[in-house]
Amino acid sequence: MSGTFNDISFRHLFFLASLGICLAIIVVVMIGFFLYGFIKYTKRGLSKKDGSRYGGYLAWEVFWVGTPLLVLMASAFNQIHWALAWVLMVIILQSGFMNIMKRSPDYKNDLKFKGRLDNYFRSLINGLSKFGKRNSFLVFLAFVIGSFISSFMMYDLCIGIHPFRVSSRYSRRALGESCPSGEICNFILTVPENLSNSIIVGWHSNDKPINSFAYYDTVSHSNYINNDNLVFNVNKFNNPYNFSVNGTFFEMENIKQEEQRYVSWADITGLKSSTVYYIVVGIETSNGQLIFYPERKFRTAPSDGTPYNFITGGDMGMTGTGESLSINAALVEPLFVMLGGDVAYDSGFDSCYRCWDQWFNRWDSTFITPTGFSLPIITTIGNHEAAGWKSSRGSVQFYTRYLPFQLGLQNIDPNDRPLQHSHIIGNETIIIVMDSWVVDQIPDQVSWMEQVLADNNNKTFKFALYHIALYPCTKISMDVEISSLAKQFWGPVFDQYNLTVGYENHYHLYKRSKQLINGLEHPNGTLYIGDGSWGVETTVKLRDYDYLEFYGRIQHVIHSKINTHNSTINIETINVDNEIFDSWERKLK
């Protein structure tokens, strides 16, 4: 649907909304002044025509002095630079003020009248003269100072949602660096192609590394590297860990005007299955310092058919409800977590980097299981990781740069990392992850899906993670094309290769479908579950479609338990009160 509301980026959507609000305010005030002028003249016994002219003049003056609001919004959303906005606002306000204060000049000789334009400029000068030079200068100074403060302080907005929050470049700088010098920030574990023998670890730093690295072992060394002891002199450091790997790092160019940031990641391979590992990450700086992140522990997936469990959900954000759900999710000791897009809600704003920093901090503090494990993650891209549906790679500011899901990507630009990836868990599970046309078109991914599923057709459990829903429990016009295309092109692939579960997201609701083949109930069909409400909520209308088994406006996470011994999957859906409100079980043949 080119040329529709669906193709407007979130930045432009927020910009247009702000312009609409400002215009609405201006129009309301214009109407008020028009009525005031009209009533004032008619009460004096003057004609309605004269009253309309006077009211129209007052309304025009309101529009004139109100247009700086529109300029301010253009600056706030980076349509023009704040310095240009400052100059334009001063010019508009000063000229509007002079127009209000103008007084017809007193001519001593009618021959001096040189026409309407000459008379207008003389009336402006005469008005300022009668107002007084000192007063005129003070008003001008007020315009200069007020325009400077407003344009500077509102420049380069970040509009964060779930929850709604606004920051400007000035307010962010006033808070200080989000990832300070001398620290490691934003530790994350991501799931690569095979969680039984490898893992990917990522971290950020303000200091430029000359080397980044990860040390790991099967025993803890937290007595040596811990929260109280994270910075070492390189010449005095004795590495107690048995294994190490060098990382790769790059600078975040899109936020360097506000904060220096280097992103590191390391591929850790050759791990043993069903094994607990302890890991620290860090950097070496040019001044001879080693800066570490506190030790974390993780476990690899089994490869011998041992049962395992994992958590799935989507549309998380930073709400309090989402935090409660995450705490509940960690209690079940999952092996890993799948997050179906709309992670931190940066919405394609490069100025919203702190949304991700806050999300990373919460993830690392919340997703520690009762036995102390940090949980690796699999995610898919959502429309709020970019400027919206059908976006360009350039509008994906953070997602691909922060979250690698494949080994060996060191020679690829981080923003060009594939948005489709597959993951083997144990011997019996394959997970495929697709892009719901946030960047890559739906049909273009079919051949990749078919190849991966064909290569793993012997796997008992086949799962798919993606953002849009093939079988939603509501209808939103701007999403219909994406959902319909996914159903048209992906649905037959799921049916052909007997997909077990499609984990769906985006709508901020909950649903569980019947088992479906070609949209019809079938005992060997695919279950479609989710619709994404990990902390976010909505007021959209629920639809009672025939393919639905259960649905509601319920915030949730989905707990999936895989028993490879008897080929059974059991799903329990958990609400914010840590109650299981829906469940489903299937024994696969």
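**Figure 1. Lining of the largest cavity in the predicted model.** The lining residues of the largest cavity divide into 8 nonpolar, 4 polar and 1 charged. In total, 13 residues line this cavity, and Tyr399, Leu403, Phe405, Pro418 and His421 lie nearest its centre. The volume of the largest cavity is about 70 Å³. A search of the whole structure finds 4 cavities of 30 Å³ or more.

**Figure 2. The second largest cavity and the elements that line it.** This cavity has a volume of about 60 Å³. Its lining is formed by Phe187, Ile188, Leu189, Trp363, Asp364, Phe367, Ile368, Ser374 and Leu375. Two elements, strand 3 (184–190) and helix 9 (353–366), each give two or more residues to the lining. Strand 3 gives the most, with 3 residues. By class, the lining has 7 nonpolar, 1 polar and 1 charged residues.

**Figure 3. The largest pocket.** About 440 Å³ of space lies in this pocket. It is lined by 22 residues, of which Phe10, Asn383, His384, Met478 and His506 are the closest to its centre. The lining of the largest pocket comprises 12 nonpolar, 8 polar and 2 charged residues.

**Figure 4. The largest nonpolar core and the contacts of Phe494.** The largest nonpolar core has 90 residues. Those with the most contacts inside this core are Trp356, Trp359, Ile432, Tyr466, Trp490, Phe494 and Trp534. When residues up to four places away in sequence are not counted, Phe494 touches Ile432, Met434, Met449, Ala464, Tyr466, Leu470, Leu499, Thr526 and Tyr528. A second, separate core of 45 residues includes Leu195, Tyr293, Val433 and Ile571.

Technical notes:
Residues are numbered from 1 along each chain as its sequence is written. This is a predicted model: local features need pLDDT of at least 70, side-chain atom pairs count only at pLDDT 80 or more; totals for chains, interfaces and linings use all residues. Side-chain values use heavy atoms; hydrogens and water are left out. A nonpolar core is a set of buried Ala, Val, Leu, Ile, Met, Phe, Trp, Tyr and Cys residues joined through side-chain atoms within 4.5 Å. Buried means under 20% relative accessible area, exposed over 50%, partly exposed in between (1.4 Å probe, protein chains only). Contact means heavy atoms within 4.5 Å. On a 1 Å grid over the protein atoms alone, a cavity is a set of points where a 1.4 Å probe fits but cannot get out, and a pocket is an open set with protein on both sides within 12 Å along at least five of seven lines; lining residues have an atom within 4 Å of a point. Grid points are joined across faces, edges and corners, and a volume is the space filled by probe spheres set on the points. Ala, Val, Leu, Ile, Met, Phe, Trp, Tyr, Cys and Pro count as nonpolar, Asp, Glu, Lys and Arg as charged, and the others, Gly among them, as polar. Helices (H or I, at least four residues) and strands (E, at least two) are DSSP runs, numbered from the N terminus.
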